Structures are given as C-alpha cells and as structure tokens.
Amino acid sequence: MKNLLLLLLVSLAYISCSGDDADNGQNSDSTDYFPITETSFWEYNYQNSNQGNSNSGQFPAMMEGSVVFDGKIYQVLDNTTYLTGSSNMIFVQKSLNKEITLRPIVEFLGLSLDFEDVAFIKNVMQPGQLLKSTTLQITSESAAIPEGHNLSGTITPVISITLHSRHIDKNSEMRINGQLYENICHNQLSYDIEIEYLIDATYNSGNQQIPIQLNHQLLGNQTFGNLEIWLAKEKGIIKTDYSYSFQNLEMNTTIQTAGLSLDLMEIQPNLLDFNQSLNNIGNASLISYTP
C-alpha cells in the first residue's frame with residue numbers, strides 16, 4: 001500500500017498555438033510553433049530536484065518515430081524526462097495548418113489515464129483562459145484494516161485526477177541563454193487530485209457491533225502538479241517549468257460516525273505514505289535547435 005499513489009506522469013505536455021488574434025478564430029494561422037522533421041534535434045539546459053536530490057546539466061531531445069492512439073498517428077519526441085519533469089516521451093500530432101496537439105497520459109496503479117486531445121488552437125484565446133478541464137477516476141484495490149482498534153473491514157481508495165489546460169499568453173518575446181525569441185506561446189497544465197476512502201467495517205464494542213459504511217474524503221481538491229511550457233515560432237519548446245508534489249497536502253484523517261471518532265493514522269498509517277512520495281521540481285531552457 002505504501003506505493004499505492006506513486007505516480008508516473010507520462011507525456012505531460014499538451015500545447016497548441018496559433019499566431020495572430022486578428023481573424024477572430026475564423027481562420028487559423030499557419031505559423032509553425034513546433035517544427036518537426038525526421039532529423040529535428042533540440043538541446044537544453046536543465047535543473048532538477050527530485051526527492052531532495054538535485055542535479056543539472058544538458059540533454060538532447062529528438063524525434064524518434066511515431067505511435068498510434070485511437071487511430072491517430074503521433075510523432076514521438078524522445079528523451080524528455082528533464083523537459084517535463086516526468087515522462088521520457090511527448091506524443092505530438094500536427095494538422096495541415098501546423099496546429100499542434102500533444103497527448104497527456106497519467107499512469108499509475110498499473111493503469112493509464114488517457115486525457116485524450118485537449119485542443120486550444122483558437123485565435124480568440126484570451127490571456128489566462130481556461131481551455132478545458134477533464135476529470136478521470138480510478139478505484140484501487142481494497143486494503144484490509146489490520147487487527148486492533150476493535151475494528152475490522154476494508155478501506156478502498158478512490159482517486160480522482162483533474163487536468164486543467166490554460167492559455168497564459170502569446171505573441172510576447174523572451175531571451176533564453178542569450179538568444180532572443182519572438183512570437184511566444186505560453187501554456188499551462190495543472191493537475192488536481194482528490195482522494196476518497198470507501199470504508200466498509202464493523203466496530204466491536206463489548207457485546208455491541210456497530211456497522212460503519214461511509215465515504216470519507218481524505219483529500220479535497222488540491223493541486224499536486226503544474227507544468228508550464230513556452231513555444232517559439234519555428235523553434236518548438238524553448239522553456240519549461242514544472243513542479244509536482246504531494247508534500248504538505250491538507251488531509252482529513254479523522255473519521256466520525258455513529259458516535260465514534262477514529263483516526264486513519266492509527267488504523268492504517270501506511271495508507272498516508274504517499275504524502276511524502278512525490279516532490280519533483282525543475283526547469284529546462286533551449287540551447288540550440290537543429291531542423
């Protein structure tokens with residue numbers, strides 16, 4: 001149960017931009033914010049702190065073949081662990097007018113949560129506009145309540161993850177590693193988490209047995225992950241900034257029912273270990289791009 005909520009956040013980028021707001025969204029600009037060829041090659045500086053272990057350096061990212069999801073072909077940008085702070089691949093899809101779609105997938109508990117296409121390609125995008133929110137849910141295996149505390153039964157975690165995609169800004173400029181980039185598109189992905197415990201138990205008090213069947217919200221809606229990505233015209237991803245952490249999340253560990261007050265920390269403390277299981281912060285910045 002200790003590793004129940006360790007998350008591998010896979011393909012956390014999902015960007016799509018157009019270049020000019022003047023057409024009120026009727027026609028998409030053909031500006032290419034993510035040029036892709038078989039030989040496309042990017043090199044980045046990075047800084048990363050994962051579970052308190054800090055490192056920095058340089059890494060290459062390159063196009064490596066393709067993959068099919070739901071009948072759609074996505075090009076694979078490989079070696080992106082330090083670009084997004086999590087995955088080793090980003091799945092890129094482009095339309096004829098050079099609009100970009102990247103596919104975010106969250107994988108944990110042996111299953112993949114596929115958030116599918118998040119299209120924010122409209123020229124009418126406003127700064128800070130929330131483009132889409134999608135919630136996916138997974139129910140974990142039930143855990144038996146250990147003997148003691150005069151309590152017997154099971155606890156079943158239900159985890160809900162919500163992806164928010166937001167357009168922050170575009171048509172700005174940015175200087176990175178001495179290079180000035182113009183026509184910048186800046187977007188954000190944030191991940192929220194909620195955890196509910198389904199409790200089916202019996203409390204034994206002398207000759208009295210009290211059934212306990214309830215849904216207990218351990219963790220209300222809280223953000224555990226943010227990824228910001230900046231793309232530049234004809235260059236692709238020029239900068240990322242990410243933070244994923246379960247640390248210091250506010251949890252409701254006290255169960256009150258049928259006149260009883262029970263503390264989950266006493267009943268099953270290993271259910272809460274995930275609160276220290278993820279703390280990954282970092283950024284990356286473009287050094288050079290080769291078409």
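Throughout these legends, a residue is called buried under 20% relative accessible area, exposed over 50%, and partly exposed in between, using a 1.4 Å probe and protein chains only. The model is predicted, so to speak plainly of its limits: local features need pLDDT of at least 70, side-chain atom pairs count only at pLDDT 80 or more, and totals for chains, interfaces and linings use all residues. Residues are numbered from 1 along each chain as its sequence is written, and side-chain values use heavy atoms, with hydrogens and water left out.

**View 1. The loop at N177.** N177 sits in the loop between β11 (151–176) and β12 (179–205); strands (E, at least two residues) and helices (H or I, at least four) are DSSP runs, numbered from the N terminus. With a relative accessible area of 46%, N177 is partly exposed. Its phi is near 50°, a positive value in a residue other than glycine. Most residues other than glycine have a negative phi.

**View 2. The loop at D70.** Here the loop joins β3 (53–69) and β4 (72–78), and D70 lies in it. D70 counts as exposed because its relative accessibility is 61%. The phi of D70 is positive, near 50°, and D70 is not a glycine.

**View 3. The whole chain, for orientation.** Two helices and 17 strands make up the chain's list of elements. Of its 291 residues, 47% count as buried. Take contacts (heavy atoms within 4.5 Å) between residues at least 6 apart in sequence: 65% of them join residues at least 24 apart. The accessible surface, from the Shrake-Rupley method with a 1.4 Å probe, comes to about 13600 Å², and 43% of this belongs to carbon and sulfur atoms.
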